[in-house]
Amino acid sequence: MTFTAVPLTLYPDMFPGPLGHSMAGRALEAGVWSCAPVQIRDFATDRHRTVDDTPAGGGAGMVLKADILAAALDHAVAANPDLPVLAMTPRGAPIAQARVRSLAAGPGAIILCGRFEGFDERIFDARPIEQVSMGDIILSGGEMGALMLLDACIRLIPGVMGATSSGDDESFENGLLEYPHYTRPVEWEGRTIPEVLRSGDHAKIAAWRKQQAEDQTRLRRPDLWERHVDARDRPASGARRKKKD
């Protein structure tokens with residue numbers, strides 16, 4: 001099964017962009033995934049190919065028109081009926097690694113890329129669209145967010161990364177940040193690789209890495225740590241264990 005990426009955008013030349021290089025680029029050449037951007041402007045109905053208009057109620061900027069978006073989206077869905085539809089918007093739920101994994105395991109995605117002030121809200125009322133964001137930041141358009149999302153998915157497709165286990169211990173995969181990494185030279189500017197990593201004792205190394213992942217998460221991302229502890233303390237029944245005094 002080929003993973004199919006269908007970005008709906010005003011700038012189709014931005015795709016595959018950086019995804020045409022490195023691991024993703026090699027996978028694209030090998031046919032592991034495909035990229036078929038759709039130009040939203042092709043579905044405009046006037047001679048100026050207008051895709052946006054002023055906000056109802058006044059205000060700065062322009063808003064992408066619902067009728068044009070719907071025409072472009074309906075075209076993409078008709079050609080790819082099995083693909084989920086996502087929209088890149090700062091109002092969407094922040095994408096998480098679990099969702100990335102589920103997308104990577106599927107047939108691909110249609111990704112609606114916003115511009116200007118965003119989308120006419122009625123498009124979300126009229127079509128089944130999952131609204132997602134790449135975090136609490138504002139970009140000039142949804143294309144960069146779509147590229148980030150696609151990169152996160154493509155690298156998880158079997159055969160794209162060199163080793164199938166390469167992504168197992170990465171940040172967020174187990175609810176924690178990843179442990180620190182080191183490589184040669186052993187000493188650099190007076191700083192030495194931790195002795196345990198040079199010991200050859202795999203059990204001690206595994207224990208050290210686990211402890212480091214927990215310590216780093218607790219220090220740098222207390223929100224992740226709280227969720228991790230909550231999940232760890234929750235039994236299979238879903239009831240929260242009572243903490244011991």
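Glu-214, Thr-217, Arg-218, Leu-219 and Arg-220 in helix 6 meet Pro-222, Leu-224, Trp-225 and Arg-232 in helix 7, where contact means heavy atoms within 4.5 Å. The model is predicted: local features need pLDDT of at least 70 and side-chain atom pairs pLDDT 80 or more, while totals for chains, interfaces and linings use all residues. Residues are numbered from 1 along each chain as its sequence is written, and side-chain values use heavy atoms, without hydrogens and water.

**Helix 6 and helix 7**

- Helices (H or I, at least four residues) and strands (E, at least two) are DSSP runs, numbered from the N terminus.
- The axes of helix 6 (residues 202-220) and helix 7 (residues 222-232) cross at roughly 125 degrees and come within 5 Å.
- Axes are lines fitted to C-alpha atoms, for helices over the stretch in contact, with angles from 0 to 180 degrees between N-to-C directions.
- Helix 6 and helix 7 are therefore oblique to each other; under 35 degrees counts as roughly parallel, over 145 as roughly antiparallel, 65 to 115 as roughly perpendicular and the rest as oblique.

**Helix 3 and helix 5**

- The axes of helix 3 and helix 5 are 8 Å apart, and the two pack at an angle of about 70 degrees.
- Helix 3 and helix 5 are therefore roughly perpendicular to each other.
- Val-100, Leu-103 and Ala-104 in helix 3 meet Leu-149, Ala-152 and Cys-153 in helix 5.
- The residues of this contact divide into 6 nonpolar, no polar and no charged.

**Nonpolar cores**

- The largest nonpolar core has 27 residues, and Trp-33, Leu-149, Leu-150 and Ile-154 have the most contacts inside it.
- Such a core is a set of buried Ala, Val, Leu, Ile, Met, Phe, Trp, Tyr and Cys residues joined through side-chain atoms within 4.5 Å; buried means under 20% relative accessible area, exposed over 50%, partly exposed in between (1.4 Å probe, protein chains only).
- Helix 5 gives the most to this core, with 7 residues.
- Leaving aside neighbours within four places in sequence, Leu-150 is in contact with Phe-3, Ala-5, Phe-15, Leu-19 and Ile-111.
- A second, separate core of 23 residues includes Val-6, Ile-40, Ala-44 and Val-85.

**Pro-16**

- Pro-16 lies in the loop between strand 1 and helix 1 and, at 25% relative accessibility, counts as partly exposed.
- Beyond neighbours within four places in sequence, Pro-16 is in contact with Leu-28, Trp-33, Cys-35 and Leu-147.

How values were computed: Nonpolar A, V, L, I, M, F, W, Y, C, P; charged D, E, K, R; others polar.
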